[in-house]
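Dear colleague,

Please find the structure below, together with its sequence.

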Amino acid sequence: CKAGFAGNGFNCADVNECVTGDHTCDANASCTNTAGGFTCSCNAGFKGDGVVCIDINECATGRNNCDSNARCINTVGGFECACRVGFEGNGVNCADVDECVDSPCADNGVCVNTFGGFSCGCGTGFSGNGQNCEDINECFDGSNNCSTNAKCANSEGSFSCSCNAGFSGDGVSCLDIDECSNGSNDCDANADCLNTTGGFECICKDGFAFSGNACVDIDECT
């Protein structure tokens, strides 16, 4: 019998080398039996003549379907896709993770989600790197807008303004109160009221002198 056949010469049957193992195909190839022989073809993910098969690096050749936001990992005969940090999915499809949902910044920080990451900053009235935020004392550093005739009171993340005694307004704008005109002074009936910035003065009229809290008549005869 010819090579690839077995028998007594009068009757010759084909030998299936793929079954008997008498082929020379690579371990990463498929064997196909033919009449009197066989053929070898590399499996998917490999290249060569079937007798010698070399792994194809799909990650290097671009023959993969990984998402643009995923890493391609070459394996023997194939590849795997894994989403990069900041993304989630199966590697073929990767969506941005909104890290701000888990509040990774400081209690007084502001989280800004970015494509594939996030950044932290401090909220209004606070300073720091976003991971640590400290209150800004606007009353101390002069960044408040209180009137010069107002008191500044610092609070966490902010401040408030209140007009000084003798002034009225919202603290940002404070106007002098004319106690002499509105009758809120306590001058004696025998005194004249003199308005001053933030207050008033009482001046006894001619013929009277200040004594205690009142203007008393001066006895010019004595």
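How many helices and strands does the protein have? There are four helices and 22 strands, both taken as DSSP runs numbered from the N terminus (helices: H or I, at least four residues; strands: E, at least two). Please note that this is a predicted model, in which local features need pLDDT of at least 70 and side-chain atom pairs count only at pLDDT 80 or more, while totals for chains, interfaces and linings use all residues. Residues are numbered from 1 along each chain as its sequence is written, and side-chain values use heavy atoms, with hydrogens and water left out.

Overall dimensions

Along the principal axes, the C-alpha atoms fill a box of roughly 170 × 25 × 20 Å. The radius of gyration is 47 Å, whereas a compact globule of 222 residues would have one near 17 Å; the radius is taken over C-alpha atoms, and the globule rule is 2.2 Å times the number of residues to the power 0.38. Of the contacts between residues at least 6 apart in sequence, 17% join residues at least 24 apart, a contact being heavy atoms within 4.5 Å. The protein exposes about 13,800 Å², of which carbon and sulfur atoms supply 49%; accessible areas come from the Shrake-Rupley method with a 1.4 Å probe, and for residues only the protein chains shown count as cover. Buried residues make up 23% of the 222 residues. The classes rest on relative accessible area (buried under 20%, exposed over 50%, partly exposed in between; 1.4 Å probe, protein chains only).

Glu179 lies in helix α4, residues 179–182. Glu179 counts as buried because its relative accessibility is 7%. A salt bridge here is a side-chain nitrogen of Lys or Arg within 4 Å of a carboxyl oxygen of Asp or Glu; Lys and Arg count as positive and Asp and Glu as negative, while His and the chain ends are not counted. Not counting residues up to four places away in sequence, Glu179 touches Gly166, Ser184, Asn185, Asn195, Gly198, Gly199 and Phe200.

Asp176 belongs to strand β18 (residues 174–176) and is partly exposed, at 32% relative accessibility. Leaving aside neighbours within four places in sequence, the contacts of Asp176 include Gly166, Asn195, Gly198 and Gly199.

Leu194 lies in strand β19 (residues 191–196) and is partly exposed, with a relative accessible area of 40%. Beyond its neighbours within four places in sequence, Leu194 is in contact with Cys180, Phe200, Glu201 and Ile203. The C-alpha atoms of Leu194 and Val97 are 97 residues apart along the chain and separated by 70 Å.

Two loops

Val52 is found in the loop between β5 (46–48) and β6 (53–55) and is partly exposed, with a relative accessible area of 47%. Val51, Val52 and Ile54 form a nonpolar patch on the surface, with about 250 Å² of accessible area together. Patches are made of residues with over 30% relative accessible area and no salt bridge, with like charges joined within 9 Å and nonpolar side chains (Val, Leu, Ile, Met, Phe, Trp, Tyr) within 5 Å.

Ser103 is found in the loop between β10 (94–96) and β11 (109–114). Ser103 is exposed, with a relative accessible area of 56%, and its phi is near 50°, a positive value in a residue other than glycine.

Yours sincerely
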